[in-house]
Amino acid sequence: QVQLVESGGGLVQPGESLRLSCVASGSIFSIDAMGWYRQAPGKERELVAAITGGSTNYADSVKGRCTISRDNAKNTVYLQMNSLKPEDTAVYYCNAKILTSRMRLVDIWGRGTLVTVSS
């Protein structure tokens, strides 16, 4: 009944920037939290950034280079990534904890968007 759709990934050179977007849609009553995770080839999925209420949380590897923000009116979360490095290459997944219109709390994931940082 609810879903997440990511966009904004692509191929960039080291030092460049990208802005990822994630839109939640469906029978949504409220969104408790949203975040971004990534999974590189041969690696486990890891948290990049999360936002809940007025607080944010970042992985040490991206602090100072990434900013997570949310537009509540559009049910959208953004991840601005600057000074990208080859080690940032991964599939980036959006995650959200959503209270549905039926008052059920669900944890959902998007299908992911690929970010490749290479010269």
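**Exercise 1. Are Arg-38 and Asp-88 buried or exposed?**

Before starting, note that this is a predicted model, where local features need pLDDT of at least 70, side-chain atom pairs count only at pLDDT 80 or more, and totals for chains, interfaces and linings use all residues. Residues are numbered from 1 along each chain as its sequence is written, and side-chain values use heavy atoms, with hydrogens and water left out.

*Step 1.* Recall the cut-offs: buried means under 20% relative accessible area, exposed over 50%, and partly exposed in between, with a 1.4 Å probe and protein chains only.

*Step 2.* Apply them: Arg-38 and Asp-88 are both buried. Asp-88 has a relative accessibility of 2%, so it counts as buried.

**Exercise 2. Find the salt bridge between Arg-38 and Asp-88, and say where its partners lie.**

*Step 1.* Look for a side-chain nitrogen of Lys or Arg within 4 Å of a carboxyl oxygen of Asp or Glu, which is what a salt bridge means here. In this pair, the closest N and O atoms are 3.0 Å apart.

*Step 2.* Place the residues. Arg-38 sits in strand S4 (residues 28-39), while Asp-88 is in the loop between S8 and strand S9 (90-100). The two are 50 residues apart, so the pair links distant parts of the chain. Strands are DSSP runs (E, at least two residues), numbered from the N terminus.

**Exercise 3. Follow the salt bridges onward from Asp-88.**

*Step 1.* Asp-88 also meets the side chain of Arg-65 in a salt bridge, at 2.8 Å from N to O. Because Arg-65 lies in the loop between strand S6 (55-58) and S7, and Asp-88 in the loop between S8 and S9, this pair ties together parts that are 23 residues apart in sequence.

*Step 2.* Check Arg-65: its relative accessibility is 11%, so it is buried.

*Step 3.* Through shared partners, salt bridges join Arg-38, Glu-46, Arg-65 and Asp-88 into one network.

*Step 4.* Now turn to another pair: Lys-63 and Asp-60 form a salt bridge at 3.2 Å, N to O. Asp-60 has a relative accessible area of 63%, so it is exposed. The whole structure holds four salt bridges.

**Exercise 4. Work out the strand order of the open sheet.**

*Step 1.* Two strands pair if DSSP finds at least two bridges between them. The order of the four strands is S1-S3-S8-S7, with antiparallel pairing.

*Step 2.* Strand S1 (2-7) and strand S7 (66-71) are the edges, each pairing on one side only.

*Step 3.* Zoom in on one pairing: S7 and strand S8 (residues 76-81) are joined antiparallel by six bridges. Cys-66 has Met-81 in S8 as its bridge partner.
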